Structures are given as C-alpha cells and as structure tokens.
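Please take a moment with the sequence and the structure shown here before reading on. The paragraphs that follow begin with single residues and end with the two ligands.

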Amino acid sequence: MKFNPEKCAVPDLRMEPFIDPAEIWSHLNGALPDRSRVREIIAKSLSKERLTLSETAVLINAGPDLVEEIKEGARELKKKVYGNRIVLFAPLYIGNKCSNNCTYCGFRVTNTSAKRKTLSDEEIIDEVEALEDNGQKRLILVYGEHPEYNPDYIAHTVKLVYSVKKGRGEIRRVNINAAPLDIDGFRIVGRSGIGTFQIFQETYDPEAYKLYHLGGRKKDYAWRLTALDRAQEAGIDDVGIGALFGLYDWRFEVMGLVRHTNHLEACYNVGPHTISFPRIKDASALNMNGRYQVNDEDFKKLIAILRLAVPYTGLILTARETPDVRSETMAFGVSQIDGGTKIELGGYSASRNEEQNLNREQFRISDERSLAEVIDELIDNDYMPSFCTACYRLGRTGEHFMEFSVPGFIKRYCTPNAVLTLAEYIVDYASPELAEKGWRAIEKNMTALDENLRESVRNKIDRIRNGERDLYY
Ligand code: SAM
Ligand code: SF4
C-alpha cells in the first residue's frame, strides 16, 4: 500500500483523529434537498463515484417525497456493482470477558449477571465442526476487550479455526471483530491469515462517546478512531468500520462513516472493505434511554444513502435485525448477511453437548433461522447465496480490491464463484428440496455468463460432483 501525500493533506493525517463535529454539522445544516440536486447526486453515484460529505448530507436531508427515488437509485446501483449475490457468514463468539464499561453491551464489566467464559481450544474446535456441518465457510470471530484476548491469543484462535476440517467442511476466511490493537499487535494478528479486521466506532460524536464508554481502554475515543490506521500501518489492508445506531443522531453517524471512508482512502488509497450499522438491541441489564433509537423507516433510508455514498463498500446487516428488514434492505443496499447465527458462547455445539448458555449473550438477535432456511429464502427471492473467498485468497484485497470496479468483474469472477460455492453447499449439505431449488438457481444464473466461461463453470461443477472442493476463479 502506498502513502498518498497529495490526497493525504491536512486534516487527513495518518493516525490523527479526523472527525470534526462542527464540519459535519455545517454540512448537515447547510444541505438543501431540492429534487433536482437529489437527482444529480443519485446520477453521480450511479456512475459509481463515491459521494462527498456535502452530497451525502443532501440525501440525508431529503424529505419523504424523495426517499423512494433514493431507494430506487440504490437498488439500481446495487445491481450494477454487486449483481444478485449475497455473501453469507456466521459469527463465532470466542470470549465475553471484558474490562470496558460500555453502557449498551451485555458483556460490560459492571454486568455482574453475565456468566463469563472463554471457549477452550476443544470448545472452539467443537464450535467450528458444528459450523462446518451446517455448511459455513466464512466466520467472524468476536472477542470482548480483555488482557486474555491479546494479539497472540487472537492469532492462535484464528489458526486453530483454519485447522479444523470436518468431513468436506473447512473455514476459508476468518474475519475478526475485536478491540483496537497497537501496530505490533495488528501485525501479529494479520500474519495469522485473517480476512477483514472490523472495529466499530460506535458513535463518531466525541461528546456522546464519553457518555456511553465509562471505563477501560475503550474510553479513549481517539485510540479507537485511529485503530484501523494502525491496522493499515501493520499491513492489514482489509478493514471494516461501523457505527452502533441508537447512541446518537443517525444523520451524524452516517456522515461519520463517510468521513471515515474518505480518511482511509486519502491516507491509504483504499476505503474500508465493509461498513456495519448495527442498531442497539436489548441486552442483559441494558442501560439506555432510547432518545436516539432509529425507527425502521429512517434505518432503511440510511442504508440506501450509504449504498449510494460508497458504491464499492460491502454493507453488512446481521441477525440483530428481523428477516423482514433484512430481506427488504438487501434489495437496495445490504450485500452480506449472517445465517444460522448463534451468539451465546458455545451455542453452535450446545445442542450436541446439551449445555445451556444462558446469560452469555451480548444482546438478543431477531433472526434465528438456520443457514438452510436463510439460503432457501434468498433463492426464492432471486438472490444468489455466495460463500466465495476467492478475492482474499488470491490477494485481491485492499487497493487491489478496487479491481472490483473493472467492468465485467462480477460476471468474470463473482457469479461463477457464487455458483461454485453454492454447488458445493448443495452437494454436501442441502436437503433434496433445497438442492433442487439450488440447482435451478444455478442454471438460471449461468445464462448470464459468456459461453466459454459457462462451459468452464460446468466443468468445475462436474468436478465438484465428483468430490473435488474449493474450485474458484
Ligand atoms: N469488544 C470489542 C469491541 O467492543 O470492539 C468487539 C466485540 S463487540 C462484542 C462487537 C460490537 O457489538 C460492538 O462494537 C458494538 O457495536 C456491538 N454491540 C454491543 N452491544 C450491542 C447491543 N446491545 N446491540 C447491538 N449491538 C451491540
Ligand atoms: Fe466490551 Fe466490546 Fe461489549 Fe464494550 S462492546 S463491553 S468493549 S465487548
């Protein structure tokens, strides 16, 4: 990755806090959302250009009469950039010990009703085997912030997860959601072979941040804000940002996410790989007043705006949300979802071990469907479920990920890889009914491919039916 001194002018210095609330509010207070301006901005986004802060502010301020147009633009853009693929993953909670005191989280140190646990190596293996038995290929490992979860330990768990192979199952991409590290720490974790390192700023407003983060290292707003700069400095060029919606004004947080994206692009030539926008969910001993709670309507609008603002950044929506909200927002924004999610520690293998894990959840989820049910619904709605991990394994990450913008990239790589990973899933894990549906979806998607490529994909599908695995472009 190259340092870009020209683009990285003041105030975008590497590893320096870059959020200026007054600047964000001046954009929000100054943006006039007239119809023609909104249309111009949507058109700019449809030409696959990232939006500026002031353009994003115009969309944010657009009234109810313009929201449909914004969603329609986002729908079109999403089809152009992502096609009909939805990438699937599952979270794996490794440990809920935590020294911080985030008022919204069930893991916070002052929540004495939480049962603390770190999975042992054997338990991690059990969990990964259960996940592989369900057909998962991509995981995100989640940790509290605690001295036990140091970089060496995180790297150890990553390698352990990759080493577990059950039947034809294997985990091909391990992402991380953990506390900010120093540069050496990121280096250690990076070398273990992770995909994305995710860190959510929670709220981009420094004053609001103080109100919710009452203790521990996480109190330090700037340390967290600059975390992914340190990751980049340590050679991790695949990073994920996020805000926890419900802590502060949602309009400010959307601007914060776009500002964070600009900062990373200015300093490292590559924006975040993904953006997450969880809404606060009920948690054990939750201590929130609900003032900034985001209703469904605003939530859907902000997802459409994010889609338009950052055309090439993956948008993740987790099982914190209901199946209905997930299904609707996939049409105009969301490109990655989790399926078959369990967030209580040891939850995936619990039914086998008959262990109950009450009070070990971080919060409550709203989509408890199995991976098979999620895939079934995706296919019904004409989406192509994908477990593809090809880009990251072929080094198409970071700056190179921008190759994604090359015309034809989706047809050349993404659709074939989605087809191949779905074919594997069907052969190894699907019920006869789901398999039938799945093969029909594969046939339908193959028609979009050029003839030569179609032949090549058919050939690979035959090899999969004959027992080969992990074929990709
Ligand atoms: N401990 C690390 C940290 O705080 O960055 C990583 C793990 S934390 C368990 C992952 C994310 O969960 C947090 O960044 C926060 O955005 C989200 N979260 C915490 N409490 C939540 C709640 N009650 N509802 C929804 N999401 C929540
Ligand atoms: Fe700990 Fe992260 Fe929960 Fe805060 S959000 S209490 S740091 S696990």
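A residue is called buried when its relative accessible area is under 20%, exposed when it is over 50%, and partly exposed in between, with a 1.4 Å probe and with only the protein chains taken into account. By this rule I183, with a relative accessible area of 25%, is partly exposed. The model is a predicted one, in which local features need pLDDT of at least 70, side-chain atom pairs count only at pLDDT 80 or more, and totals for chains, interfaces and linings use all residues. Residues are numbered from 1 along each chain as its sequence is written, chains are lettered from A and ligands numbered from 1 in the order in which they are written, and side-chain values use heavy atoms, with hydrogens and water left out.

I183 lies in helix 7, which covers residues 183-191; here helices (H or I, at least four residues) and strands (E, at least two) are DSSP runs, numbered from the N terminus. Between I183 and D229 there are 46 residues of separation along the chain, and their C-alpha atoms are 9.0 Å apart.

V158 belongs to helix 6, residues 151-163, and with 0% relative accessibility V158 counts as buried. V158 and V334 are 176 residues apart in sequence, and the distance from C-alpha to C-alpha is 26 Å. D338 is part of strand 10, residues 336-338, and D338 is likewise buried, at 2% relative accessibility. For D338 and G246, a separation of 92 residues in sequence goes with a distance of 21 Å in space, again from C-alpha to C-alpha.

N96 is found in the loop between strand 1 (85-95) and helix 5 (121-134), and N96 is buried at 0% relative accessibility. The side chain of N96 reaches the backbone oxygen of K115 at 2.9 Å, and the side chain of N96 also reaches the backbone nitrogen of K117, at 2.8 Å. E424, in helix 18 (residues 409-429), is buried as well, with a relative accessible area of 3%, and a polar atom of the E424 side chain lies 2.6 Å from the backbone nitrogen of D470.

The backbone itself deserves attention at two loop positions. D382 is not a glycine, although its phi is positive, at about 70°. D382 sits in the loop between helix 15 (371-380) and strand 11 (384-386), and D382 is partly exposed, with 45% relative accessibility. E202 is another residue other than glycine with a positive phi, in this case near 70°. The loop that holds E202 runs between strand 6 (197-198) and helix 8 (206-212), and E202 is buried, with a relative accessible area of 6%.

A residue counts as near a molecule or strand if one of its heavy atoms lies within 4 Å of it.

Which atoms of the protein lie 2.8 Å, 3.1 Å and 2.9 Å from ligand 1? A polar side-chain atom of K218 is 2.8 Å from an oxygen atom of ligand 1, a polar backbone atom of Y143 is 3.1 Å from a nitrogen atom of the ligand, and a backbone N or O atom of K281 is 2.9 Å from a nitrogen atom of ligand 1.

Ligand 2 has around it the residues C98, N100, C102, Y104, C105, F107, R108, G144 and K218. The shell around ligand 2 is made up of five nonpolar, two polar and two charged residues.

How values were computed. Polar contact = N/O pair within 3.5 Å; in protein donor to acceptor, adjacent residues only side chain to side chain. Nonpolar A, V, L, I, M, F, W, Y, C, P; charged D, E, K, R; others polar.
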